[in-house]
Structure formats: structure tokens, C-alpha cells
Amino acid sequence: MNIHEGFLYLLKLFMSLILNQPPKLCLRKPVLVRCSPLHHSNGFSSASLPQSQTLPLTILCADPCRPHLVRPMVRRDGDMDALDYEMPSDFMEVTKMIGTSNGWITSLVDGIVQIREHPGKNPRQVRTIFLPPHETLPLCQAQMATNVAMSSSSPLKEECAVAVKFLGPQLSICKPAQSNADREWINIRISNPCFFSSPVMYSEKEDMFRIVGSGGHLVGSWDLGRHKYTPKIQRLQFQNLPELSKAKRELLYSSNTSEHLVESRTTGETFMVKWYKRTAKTIYGIERMETKALMVFKIDEQGNAVYTQDIGDLCIFLTRSESFCVPASSVRHMRPNRVKLIDVDEITIIDLATQKWN
């Protein structure tokens, strides 16, 4: 199976679900798109973004350290549901996929970043955007990415910027809708190693790409203007931390911990989620992990990170690819104050109010 066949396999799965019919043997070839010239800008703006966030059409959950595990999720009946298909173990290797954002699938093939549209938008004409050749900075790698983030719902919008966060110090940003003469990659070398393994997200409120450092004490923000190469740094002060029993403290200290920023476009609030996972079992030589605990902190502009078990009428979707916060009333069967965890190992819902620490 080559790269094209790998994507045809994926598109066939999506289309069979969307059209509610068995997968067909062949598909129409994807339509290749070259962006038309648009007005050049040195930054990116959230003016074209919707006021409220909706669930993406698809998310491909993948772990760059375990590329043989992939979980495809699709928006169905107002919620994110897993496809009832087992993905080929070599899917990531074959398709060269490095992430999904806002329903667009991004891959890196022979140094060229390709962004493919989800077939649910137009099953007969799946658009593909080719970005300029990507450069790997000295002493960096550009084969394994933590995730991809976009500043708007579509890379075809004039002010949209696409950020690729690679494992290690490299962060790369490009504006796909610029003219060929102006379209280029801005490759940034991050100096602080606490950001090397963290995912990137786009903040509509700050109009910047943001990364929370390992441990959650620092948040770095980048744009294409003043903070292109020198990030804006926010130092967090943890408050209202729960009192932990000895057993719970030992459990958290021995867990694999990751930090994720998520923003509510409805309320303007910013949350940081600390996600604690441990190896639960080994299946066919593959370590499978499960969630042991979550901590949610509300972050204000002064850097106060206040632990909370109440996020009001909101709910959070947390994945390794992208995370988002929406009103619970907009999601089928989702109650307020919940976090839905979607990973290659598990899909589970946590009620924040019921977590016990002592």
C-alpha cells in the first residue's frame, strides 16, 4: 500500500460512514488545489473565526511514540464517535500523517506538507493543499510531530496560519492562502526544553499559538510579528491545590503526565488540564495506558492557575491531536462539567465534581 492508497483507505472509511453505506471498491481521485494569490499580512487574525466553536468533522488520534496505534473519530449525531474499523498498523508510516486540525488531515511527504480536506465536506472533490518545501533546522528533526494547529476553520482563508509542532525544539508556521511568492515556512527554534514535547494550540483570545511547558509552570506564545522568535512567556502560580493522600500522591508522581491548554470561545476562559496516565496492560507486546486522574486549572491574565472541579456549563474534549471546550448543551448526551478523553488507548468521560483526592 502506497501513500495514495493509504489515504484512499481512510477516505473510504469516512465516506462509508457519512453516506451510511458499505465501503466501495474505488473512489474518485482527490482534487489538488493550489491557493490563489491573496493579500499579504505579517500576522494572522481571528476576525474570520466563528464566535462559537463546533466539533470538528474528524480527529485522527495518534501517538507519535506508538505510530501503530491510530483511532479515527468522526462527528456523528452531535458528538465525537469512534469509527468501527481497525486501522492498519502501518497507516501512519504509509500516509506520513502528522496530525489533524479542524477536520483537515496533515501529512509530510518527502519534505512537502500536504493538507487534505475531510471528505464529509464534499465527498466528490476532496481538496489537497501543497505547502512549500519544509526545512529542518540544524540539530532538529521533522519526522515526528506532537500535533498540528490552525488559526481558523479552513486553511483556504486569507489569514489562516498553520503551525506544526515537532518533537524537539522546532516550531514551523505557514500561511497557506498567501501567494506563491509570499508563502513560506517560518521555522522557529524554541530554546526552552520544557516546550519540546508539548502540543501547540491556537488561542483566539490572544491571537497567538500557545504551548504549555512540561510541568505546567510556563506558557509560551508565538505569532508572526513581535513574538515570532522571542515568545511571550507567562509564568503560572498554582492555587487552591487539593490535599492529596499519600497513596494518591504516589500514584500521580508515578504517572505519565501531559499538560494541555484549552480555550472556551463562548466564555473566553482558558483552562489547563493535567492528564495523568499509567500503563495498564500489555497486548501483543504493545503497552496500553489508562487515565488515573485529571486536574483542571482555570488560568487568568495574571498567571493565576486555580484548581477547579467546576467549569460551569462547559465540557472539554481532550485528545493528543487537538483539544476544545464547548457548551455541554451543544453536544448530544454530554453533561456539564465533564471532560471527554479520546486517545488511542481509551475513550472515557470524567465528571470533575466526583474526583476524590484524599
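## Close-up views of a predicted model

**View 1. Strand β10 and its two neighbours.** In β10, A163 is the bridge partner of A149. This is a predicted model. Strand β9 (residues 145-150) and β10 run antiparallel and are joined by 5 bridges. On to strand β11 (residues 170-174), β10 makes 4 bridges, again antiparallel. A163 has a partner here too: I173 in β11. A hairpin is formed by β10 and β11, with 3 residues between them. In its turn, G168 has a positive phi of about 110°. Strand β10 (residues 162-166) is largely enclosed by the rest of the structure, because 5 of its 5 residues are buried. V162, V164 and F166 point one way from β10, while A163 and K165 point the other way. Both sets are buried, K165 included.

View 2. C160 is buried at 1% relative accessibility. C174 is buried as well, with a relative accessible area of 1%. The disulfide count for the model is 0.

**View 3. Aromatic pairs.** The model holds 6 aromatic pairs. In one of them, Y202 and F209 have ring centres 5.4 Å apart and planes at 65°. Planes over 60 degrees apart count as edge-to-face, so the Y202 and F209 pair falls in that class. Y202 is buried at 9% relative accessibility. F209 is buried too, with a relative accessible area of 0%. F297 and Y307 are also edge-to-face, with centres 5.9 Å apart and planes at 65°. F297 sits in strand β20 (residues 286-299) and Y307 in strand β21 (residues 304-308), so their pairing ties together parts 10 residues apart in sequence. Relative accessible area is 1% for F297, which is buried. For Y307, also buried, the value is 5%. Ring pairs link F297 and Y307 with F238 and W357 into a cluster.

**View 4. Salt bridge between K298 and E269.** This is one of 15 salt bridges in the model. The side chains of K298 and E269 meet at 2.7 Å, N to O. K298 is in strand β20, and E269 is in the loop between β18 (256-263) and β19 (270-283). K277 and D345 meet through their side chains in a salt bridge of 3.6 Å, N to O. K277 lies in strand β19, and D345 lies in the loop between β24 (338-342) and β25 (347-351), 68 residues apart. K277 and D345 are both buried. In a second salt bridge, the closest N and O atoms of R320 and D343 are 3.2 Å apart. R320 is partly exposed, at 23% relative accessibility. D343 is buried, with a relative accessible area of 1%. Salt bridges with shared partners join K277, R288, R320, D343, D345 and E346 into one network.

**View 5. Confidence along the chain.** The average pLDDT is 83, and 84% of the residues score at least 70. Strand β15 (residues 218-222) has the highest confidence, at 98. Strand β1 (residues 31-33) has the lowest, at a mean of 39. Residues 14-42 stay under 50 in pLDDT, and the model gives them 65 contacts beyond four places in sequence. Residues 46-51 are also below 50, with 13 contacts beyond near neighbours in sequence. Where pLDDT is low, predicted coordinates should not be read in detail.

Technical notes: Residues are numbered from 1 along each chain as its sequence is written. This is a predicted model: local features need pLDDT of at least 70, side-chain atom pairs count only at pLDDT 80 or more; totals for chains, interfaces and linings use all residues. Side-chain values use heavy atoms; hydrogens and water are left out. Rings of Phe, Tyr and Trp (its six-membered ring) pair if their centres lie within 6.5 Å; planes under 30 degrees apart count as stacked, over 60 as edge-to-face and the rest as tilted. Buried means under 20% relative accessible area, exposed over 50%, partly exposed in between (1.4 Å probe, protein chains only). A disulfide is a pair of cysteine sulfur atoms within 2.5 Å. pLDDT is the predictor's confidence in each residue, from 0 to 100. Contact means heavy atoms within 4.5 Å. Two strands pair if DSSP finds at least two bridges between them. A salt bridge is a side-chain nitrogen of Lys or Arg within 4 Å of a carboxyl oxygen of Asp or Glu.
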